[in-house]
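Dear colleague,

Please find the structure below for your records. My notes on it follow.

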Amino acid sequence: MTLLIDTYTMWLREILRYKRNWRYLGFQFLFPFMIIVLLGFGFGDLINLGQNISYIDFISSGFIVFMIANGGLGGGFNLIEERNNGFLREVIVAPVSRASIILGKIAGRATLSTAQVIVLVLVLSTMANLSLRNFHITLLSLILMTVLFVCVGVIIAAYFQEAEIYRTIQGMVVFPLMFISGIFFPIDRLPLWLKWISYVNPITYAVELFRFSVLGRNTLPIWISTTLLVVLSTSTFFLSVWLFDRKFRE
Amino acid sequence: MPPAIILKGVTKRFRKNKKEFTAVDNISLEIPRGKIFGLLGPNGAGKTTTISMICTLLTPTKGKILLEGIDVTKDTLEARKRIGLVFQETTLDLELTGRQNLDFHARLFKIDNRKRKVDEALELVGLTKDADVTVRQYSGGMKRRLEISRAIIHEPAMILLDEPTLGLDPVSRRGIWEYINMLIERKNVTVLLTTHYLEEAERLCSRIAIIDKGKVVVQGTPEALKAKIGNDIIILSLKRDDPKLAARLREMKGVKRVVRENGDLFLYVKDVDKTIVPLMKLFSEAQVSGLQIKRPSLDDVFFHYTGHKYEDAAEPERKVNA
């Protein structure tokens, strides 16, 4: 019970911060829309995916995953900032469990992502074949992704103090993984060795599940993607809570 | 009543670049209830490390810390509920308003009548008018006041203040002192504060412990500490250094100690009224250019117990003639 109350408190603060920052919020909706439209119509004629699917359908469902994943990592980045500007101490010395601190970050991020997904899918449905028909699956994939990426962010933040290093890791590890996850192009056309990397890449399964929910398309059985994501996100969650307690105190 | 805070042989060692470094070295203290207790010492003496261990941010390498009988390393959550904290650097959320910061804190501590308590706390430190302004726009003094009000909102038994007036101008500093005194009067809490300002310790604290290089050098009431080193000090400014004069003064009745520094002689005497007349006979106008009488300050106490001047504490190697 106290875990829920504390998570709510942490969530409330995240929401208050979003509400006070209109420019940031606007950017969160405008940026993905802009990229999807530019990529979708820019590459639309060059890329033939066959199977009655246009590139704008493909990239819009993929880039929303990119956006959710990046936002989640931003949650971890946030902890570095909060540690550096001192605020984290206020939370750490309060009588609240470490799990609720991370759950609050996840909940805050998931709320923003849900709003983003609803608005983007509704707007994009005028120019692509997206829909919110399977909203329960959309929500499930969104939550699993947010848990996974916020916790990966926390784990990175636990080991590095500087915002620059965090950005480097984001650029050198996370972005390349996004490229071979089926966000920007289908993985079945990749060379075999890259295909194998993409199968050990968790983002691949996030893309699979999300794309299935908004577009009704999947290349792997859905139960495989779902199970893998559940296992991955819960284990990174427990790892991040454990690390948070050890690394953020001293 | 048992003391509010007990430290028993508390030690903290850090490993830095494979070298061990002892920040706090076997400190034992008892901090009585309902008083302002000061940890006084120069920068790097181990004050912040001590506070961090009491508030569970650091775990002691050795020793025990009890808050009203609660072991902080064993019952961490219970200990945290009993402490209000003001850190050296701000821990406020600058993007939120003053009121939102307090509300967040009140929720973290799950207190009843949240809204009323927040209003009261804001009122107490005179921030009601600016409660709905983002903290980013607050001045340094306002932020510190907000942090003090936040520290008391969950009605802790003790408040730990780490350098509460660091970086504030003299006017804001006086304001913060007033608020701290008010806390003691109205809320009946125990206050433990660290400071490297001697004046602050002298003005606020009813008991102080002087810390130097991780160790408690001496502790007691400011008055008692001052009385220990002699009631008064006579400073003679010499025209030129004169060891013979110093030797003669040392043998005088009522003189406890003579210290030579930079051509001045510091005489620690029991009673200046009884010493001054016989003293005048011992030197001529040709030798002495000035005479000053001073009641001892904590600065002198620090000097007496550590053998180095307070401002020089960062470079303890320096030898002082005595």
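**Contact between chain A and chain B**

A:Glu90 and B:Arg150 form a salt bridge, with their closest N and O atoms 3.5 Å apart. A salt bridge here is a side-chain nitrogen of Lys or Arg within 4 Å of a carboxyl oxygen of Asp or Glu. Between chain B and chain A the count is 4 salt bridges.

This is a predicted model, in which local features need pLDDT of at least 70 and side-chain atom pairs count only at pLDDT 80 or more, while totals for chains, interfaces and linings use all residues. Residues are numbered from 1 along each chain as its sequence is written, chains are lettered from A and ligands numbered from 1 in the order in which they are written, and side-chain values use heavy atoms, with hydrogens and water left out.

The contact (heavy atoms within 4.5 Å) draws 28 residues from chain B and 25 residues from chain A. The area buried between the two chains is about 2600 Å², with carbon and sulfur atoms giving 60%; buried area is the accessible area (1.4 Å probe) that two parts lose on being put together, summed over both. On the side of chain B, the residues that lose the most area to chain A are B:Leu57, B:Phe104 and B:Leu108, together 24% of what that side buries.

As for chain B itself, 53% of its 322 residues count as buried, that is, under 20% relative accessible area (1.4 Å probe, protein chains only). Its C-alpha trace spans about 75 × 45 × 40 Å along the principal axes.

With kind regards

Notes: Buried means under 20% relative accessible area, exposed over 50%, partly exposed in between (1.4 Å probe, protein chains only).
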